[in-house]
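My entries follow in the order I made them.

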Amino acid sequence: MRVFGLTWQFQQRFPEIELSPRGQERLRVLTLWRETRDVDVVCRTFGLSRATLYRWARQFDPHDPTSVRARSRRPRRVRQATWTSAQLEAVRRLRAQYPRWGKAKLAVLLQRAGDRLSASTVGRMLQWLKAHGRLVEPRRHAISARKRRPPRPYAVRKPADYHPQAPGDLVQVDTLDVRPVPGVILKQFTARDVISRWDVVEVHERATARVAAQFLDTLQARLPVPVRAIQVDGGSEFFADFEAACQQRQIRLFALPPRSPKLNGKVERAQRTHTEEFYEITPCAWTVAALNPELRRWEHTYNTIRPHQALAYRTPLQFLQDLGIMPLTRPSLSHM
């Protein structure tokens, strides 16, 4: 391998040159090119194409190092504006009157008034007006006031470098509206471990922060691994008591940014599975007292019998057994 140094020789030949960092780099390229005349070595060393090197070489004057400065690529002949000041003012007035209309609609209005301007010409006129400060876009006003959430004392956005590796590293929690018949509204809390796909489900009459904190007890009791982090959306049930309960138990709490349910995609998909495979085919009594035992049996089926495609058609129980976390015998419903 041939190595070329451009240290004291370079400084002695071109002392005190006022060049930008890009110009100095180009000067190093051309100096190496004049020393070696090896196109392949120069292009590989500096990551250039042969065409670029030849173009710089044609521009370079060895007696004038400043000739390496980048030249303007502006065309020698630039198309001049063909519109008149009256037409420009007409476009400005129309755009000020209809600030959300684009060049195509404005061109139609101008043509109705007798100005035969194309939409592309109107577009260039709008650009010229904006560039010269003669056209200012109106300020947008929101038509729906969003209720500001209070600052969260504990929950944070999930760090970009936080990647769950083991069961329990991240559990996604969400709620599902259950409206089986008119006048009946129940709230199902669903928790899914993103690694093992182990689900915990429970129905309540309301979805409040206090109820969510109670569900946290259920989650820790029925998830066979310790919960190290929970991810929730911005629902009001995941504030206040729920957030305080996570902090007290030293469980990291990650809150999603607004309007981003896809970031909680695994528990969202779990909600669909529970709807299609349990609620839509299972006759139930629609009370909390009667429904929760049925859900408990379905949870047992889901975690210990139902094959999961994401787990290579293993159950969550088999997945945990393969990791050595669960005993090889299937847990009974009474012990879950």
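**Overview**

I began with burial: of the 336 residues in the protein chain, 40% count as buried. The model is predicted, and I kept that in view throughout. I counted twelve helices and five strands in the protein chain. I then looked up the contacts between residues at least 6 apart in sequence, and 58% of them join residues at least 24 apart.

**Helix 4 and its partners**

I looked at helix 4 next, which runs over residues 50-59. Its buried residues are T52, L53, W56 and Q59. Viewed down the axis of helix 4, these buried residues fall within an arc of 125 degrees, so they line one face of the helix. On the face turned away from that buried side I found the exposed residues A51 and R58. I then asked what covers the buried residues of helix 4. The cover includes helix 2 (21-36) and helix 3.

Helix 3 and helix 4 pack with their axes 10 Å apart, at an angle of about 105 degrees. An angle of 65 to 115 degrees counts as roughly perpendicular, and helix 3 and helix 4 are therefore roughly perpendicular to each other. From helix 3, I noted V39, D40, V42 and C43, which meet R50, L53 and Y54 in helix 4. By class, this contact of helix 3 with helix 4 has five nonpolar, no polar and two charged residues.

I then turned to helix 2. The axes of helix 2 and helix 4 cross at roughly 90 degrees and come within 10 Å. Helix 2 and helix 4 are therefore roughly perpendicular to each other. On the helix 2 side I listed R26, V29, L30 and W33, and these meet L53, Y54, W56, A57 and Q59 in helix 4. By class, the contact of helix 2 with helix 4 has seven nonpolar, one polar and one charged residues.

**Helix 6**

I repeated the burial check on helix 6 (residues 103-112), where L106, A107, L109 and L110 are buried. Seen down the axis of helix 6, its buried residues fall within an arc of 165 degrees, so they line one face of the helix. K105 and R112 are exposed on the other side of helix 6. Among what covers the buried residues of helix 6 I found helix 5 (85-97) and helix 7 (119-131). Just after helix 6, G114 takes a positive phi of about 105 degrees.

**Nonpolar cores**

I looked up the largest nonpolar core, which has 36 residues. Which of them touch the most other members? They are V171, V173, L216, L219, I230 and F242. I listed the elements that each supply at least two residues of this core: strand 1 (171-178), strand 2 (186-193), helix 8 (209-222), strand 4 (229-232), helix 9 (240-248), strand 5 (252-255) and helix 12 (316-322). Helix 8 gives the most to this core, with six residues. Apart from this core lies another, of 15 residues, among them A90, L109, L110 and V122. L109 and L110 are also among the buried residues of helix 6.

Leaving aside neighbours within four places in sequence, V173 is in contact with T190, A191, F215, I230, Q231, V232, F238, N264 and V267.

**E243**

I checked E243 in helix 9. Is E243 buried or exposed? E243 is buried, with a relative accessible area of 2%. Beyond its neighbours within four places in sequence, E243 is in contact with R152, P153, Y154, A155, F238 and L253. The C-alpha atoms of E243 and R152 are separated by 8.4 Å, while the two residues are 91 residues apart along the chain.

**Positive phi**

My last check was on backbone angles. Most residues other than glycine have a negative phi. R259 is not a glycine, yet has a positive phi of about 55 degrees. I placed R259 in the loop between strand 5 and helix 10 (265-279), and R259 is exposed, with a relative accessible area of 64%. Y313, also not a glycine, has a positive phi of about 65 degrees. I found Y313 in the loop between helix 11 (288-304) and helix 12. Y313 is exposed, with a relative accessible area of 56%.

Definitions and conventions
Residues are numbered from 1 along each chain as its sequence is written. This is a predicted model: local features need pLDDT of at least 70, side-chain atom pairs count only at pLDDT 80 or more; totals for chains, interfaces and linings use all residues. Side-chain values use heavy atoms; hydrogens and water are left out. A nonpolar core is a set of buried Ala, Val, Leu, Ile, Met, Phe, Trp, Tyr and Cys residues joined through side-chain atoms within 4.5 Å. Buried means under 20% relative accessible area, exposed over 50%, partly exposed in between (1.4 Å probe, protein chains only). Helices (H or I, at least four residues) and strands (E, at least two) are DSSP runs, numbered from the N terminus. Contact means heavy atoms within 4.5 Å. Axes are lines fitted to C-alpha atoms, for helices over the stretch in contact, and angles run from 0 to 180 degrees between N-to-C directions. Angles under 35 degrees count as roughly parallel, over 145 as roughly antiparallel, 65 to 115 as roughly perpendicular and the rest as oblique. Ala, Val, Leu, Ile, Met, Phe, Trp, Tyr, Cys and Pro count as nonpolar, Asp, Glu, Lys and Arg as charged, and the others, Gly among them, as polar. The arc is that of the directions from the helix axis to the C-beta atoms.
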